[in-house]
Amino acid sequence: MRTARIRNDRERCYYHVVNRVSGMPGYLPFGQLEKEKLFTLFEKLQRFYTVELMSVVVMSNHFHAVCCTSPELPDTETVKANYRAFHGSKCVEPDWENPEIVRQYAERMRDVSSMMKDAQQLFTNWFNRRWKRRGRLWADRFKSVVLEGNNAVWECVKYIEMNPVRAGLVEDPADYRFCSWGRYAGGGKHPFQDAFQAHVGRAVADRISEASFRAVADQFRGEIARVAAAERGETAEDIAQAKEQAKRGVPFRTTITRRMRYWSDGAIIGSRAFVERFGQEVFGEERMRKKRFERDDDSGLVSFRQLRRADL
């Protein structure tokens, strides 16, 4: 007999959700294309749902996600806006004058079970078409664990982002492009930045001087480095040093290496004068004024990135 899923609609609630494919141990059906598809599908579903994702990790035969639901139903304007953002402005819309229809969509948009059902069904349909197969893909319903918030969320996000390291795929989750932290390290923007800052940041609010995403990310980077060093069996002194060094940021040369796939679509690196002059010739003066430059204090190099989704 299935156990009823634990959920709480009376207050803000955090969940760790996970599911894996059916099949024998060692069956790893997800390659780069499949991982990319599932990850971007979670990103797309954020247009429709008010469930706030803050971390997603896609592995070779399973996925993890940490999210937050609200007790408040989205208002009518939010329901309309989310529907159009997901389906497109030219879609056939429901009868928004009917309060019951609006309520049904509002209930669905804040429901983590509905979001996970959509994610799994949409991915299964795509996967079956791609590999010309039929039948179920996932071993069972997704599993959800309710998290208290603050420290529990912080520890859970660290745990799932470290999955690629513990699987032996990379030495640092920042080098794994199918997890939220790797997306941030590789692309310069966290895919769920607002939710990460708001919810993960609550656990370190007393340790940071400003409630910015950068401050929260620096703390998180330090914790990831600390955990990785501890699991490598390093000394207490080396562990503490690794944590403090990571909190100070990533060397510019490491950033270049991690973002090479993105930068291969078009980047300018050099002195600020060179970058501005060349960028204005290619992209125009007005567009360059709106762009943010990154500077490496050691080398004096400035970088301009023309980001686009990496091709597979």
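Which residues gather in a patch of positive charge on the surface? They are Lys 37, Lys 44, Arg 47 and Arg 129. This is a predicted model, in which local features need pLDDT of at least 70 and side-chain atom pairs count only at pLDDT 80 or more, while totals for chains, interfaces and linings use all residues. Residues are numbered from 1 along each chain as its sequence is written, and side-chain values use heavy atoms, with hydrogens and water left out.

**Surface patches**

- Patches are made of residues with over 30% relative accessible area and no salt bridge, with like charges joined within 9 Å and nonpolar side chains (Val, Leu, Ile, Met, Phe, Trp, Tyr) joined within 5 Å.
- Lys and Arg count as positive and Asp and Glu as negative, while His and the chain ends are not counted; the place of a charge is NZ of Lys, CZ of Arg, CG of Asp or CD of Glu.
- Arg 47, one of the residues in the positive patch, sits in the loop between helix H1 (32-45) and strand E2 (52-58). Helices (H or I, at least four residues) and strands (E, at least two) are DSSP runs, numbered from the N terminus.
- Arg 47 counts as partly exposed because its relative accessibility is 44%. Buried means under 20% relative accessible area, exposed means over 50%, and partly exposed is in between (1.4 Å probe, protein chains only).
- A nonpolar patch on the surface is formed by Phe 274, Phe 278 and Val 282, which together have about 250 Å² of accessible area. Accessible areas come from the Shrake-Rupley method with a 1.4 Å probe, and for residues only the protein chains shown count as cover.
- Phe 278 belongs to helix H13 (residues 272-283). With a relative accessible area of 36%, Phe 278 is partly exposed.

**Nonpolar core**

- A nonpolar core is a set of buried Ala, Val, Leu, Ile, Met, Phe, Trp, Tyr and Cys residues joined through side-chain atoms within 4.5 Å.
- The largest nonpolar core has 74 residues, and of these Met 54 and Phe 123 touch the most other members. Helix H9 (residues 213-231) gives the most to this core, namely 8 residues.

**Salt bridges**

- The structure holds 18 salt bridges, each being a side-chain nitrogen of Lys or Arg within 4 Å of a carboxyl oxygen of Asp or Glu.
- Arg 84 and Glu 93 form one of them, with 2.7 Å between the closest N and O atoms. Both partners are partly exposed: Glu 93 at 28% relative accessibility and Arg 84 with a relative accessible area of 35%.
- Within helix H9, Arg 226 and Glu 223 lie 3 residues apart, about one turn of the helix, and their side chains meet in a salt bridge (3.2 Å, N to O). Glu 223 counts as buried because its relative accessibility is 6%, whereas Arg 226 is partly exposed, with a relative accessible area of 29%.
- A salt bridge also joins the side chains of Arg 232 and Glu 234 (2.9 Å, N to O). Arg 232 counts as exposed at 52% relative accessibility, and Glu 234 as partly exposed at 29%.

**Positive phi angles**

- Most residues other than glycine have a negative phi, and most peptide bonds are trans.
- Lys 132 has a positive phi, near 55°, and is not a glycine. Its place is the loop between helix H4 (112-131) and strand E4 (143-147), and Lys 132 is exposed, with a relative accessible area of 76%.
- Asn 150 also is not a glycine, yet its phi is positive at about 50°. Asn 150 is in the loop between E4 and helix H5 (151-161) and counts as partly exposed at 39% relative accessibility.

**Residues apart along the chain**

- Ala 85 and Lys 44 are 41 residues apart along the chain, and their C-alpha atoms are separated by 9.3 Å. Ala 85 lies in helix H2 (residues 76-87) and is partly exposed, with a relative accessible area of 39%.
- For Ser 60 and Gly 31, 29 residues apart along the chain, the C-alpha separation is 6.5 Å. Ser 60 is in the loop between E2 and strand E3 (62-69) and counts as buried at 16% relative accessibility.
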